[in-house]
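Have the viewer open and follow along.

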Amino acid sequence: MIDDISPAAAWAAVSDRPNAHLVDVRTPMEWEHIGVPDLSGAGRTLVRDSWQLPPAGQVNPDFLTTLEQAGIGKTDEIYFICRSGARSMAAAHAAYDAGYHNVFNVADGFEGPEDATGSRGRLAGWQASELPWTRG
């Protein structure tokens, strides 16, 4: 029901289509300390909307409200991204259930899986795809 989309395909969609939005569902600490996709080169703004809230990781009760406040329409395309693709898939399902039916999960997320040294951002995901990003 929810398709996994490569980071490059998500970047292309957000760059080319005005009704496509990239929504980062990680936490403010992740945005600040790890970085975020930089959509400025496409003349777009990243939507930051945490799916889970620290410290306990409960689902953000304002998640859908934030999508609405960001001006995302029910027929717009929404590309959800997190660290590795799990939270963003859960967020995509919640959005779908709320009537947003053009939703996608960015496969491998922003950082992707750990490499042999335990580091992320090198094997797959937004960073490893060398797409634009910046510190939070």
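F110 counts as buried, at 0% relative accessibility; buried here means under 20% relative accessible area, exposed means over 50%, and partly exposed is in between, using a 1.4 Å probe and protein chains only. R26 lies over the face of F110, at 4.5 Å from the ring centre. The cut-off for a charge over a ring is NZ of Lys or CZ of Arg within 6 Å of the ring centre and within 35 degrees of the ring normal. Elsewhere, the charged end of K74 sits over the ring of Y100, 4.7 Å from its centre.

A word on ground rules. This is a predicted model, where local features need pLDDT of at least 70 and side-chain atom pairs count only at pLDDT 80 or more, while totals for chains, interfaces and linings use all residues. Residues are numbered from 1 along each chain as its sequence is written, and side-chain values use heavy atoms, with hydrogens and water left out.

Now for the ring pairs. The structure holds five aromatic pairs, counted when rings of Phe, Tyr and Trp (its six-membered ring) have centres within 6.5 Å; planes under 30 degrees apart are stacked, over 60 edge-to-face, and the rest tilted. One of them joins W51 and F63, whose planes sit at 85 degrees with centres 5.0 Å apart, so this pair is edge-to-face. W51 is in the loop between β4 and β5 (52-53) and F63 in helix α3 (residues 63-69), so the pair ties together parts twelve residues apart in sequence. Helices (H or I, at least four residues) and strands (E, at least two) are DSSP runs numbered from the N terminus. W51 is buried, with a relative accessible area of 11%, and F63 is buried too, at 2%. Back at F110, its ring and that of W133 have centres 5.7 Å apart and planes at 85 degrees, so they are edge-to-face. W133 itself is partly exposed, at 33% relative accessibility. Ring pairs also link W51, F63 and F80 into a cluster.

F80 leads us to the strands. V23 in β2 stands opposite F80 in β7. β2 and β7 (residues 77-81) pair in the parallel sense over five bridges, where pairing takes at least two bridges found by DSSP. β2 also pairs in the parallel sense with β4 (residues 47-48), over two bridges, and there D24 stands opposite R48.

L22 takes us into the largest nonpolar core. Of its 18 residues, V14, L22, L39, Y79, I81, V106 and W126 touch the most other members; such a core is a set of buried Ala, Val, Leu, Ile, Met, Phe, Trp, Tyr and Cys residues joined through side-chain atoms within 4.5 Å. The elements giving it two or more residues are α1 (7-16), β2, β7 and β8, and α1 provides the largest share, four residues. Leaving out residues up to four places away in sequence, V14 touches A20, H21, L22, L39, R44 and Y79, with contact meaning heavy atoms within 4.5 Å. A second, separate core of 17 residues includes I78, C82, M89 and A95.
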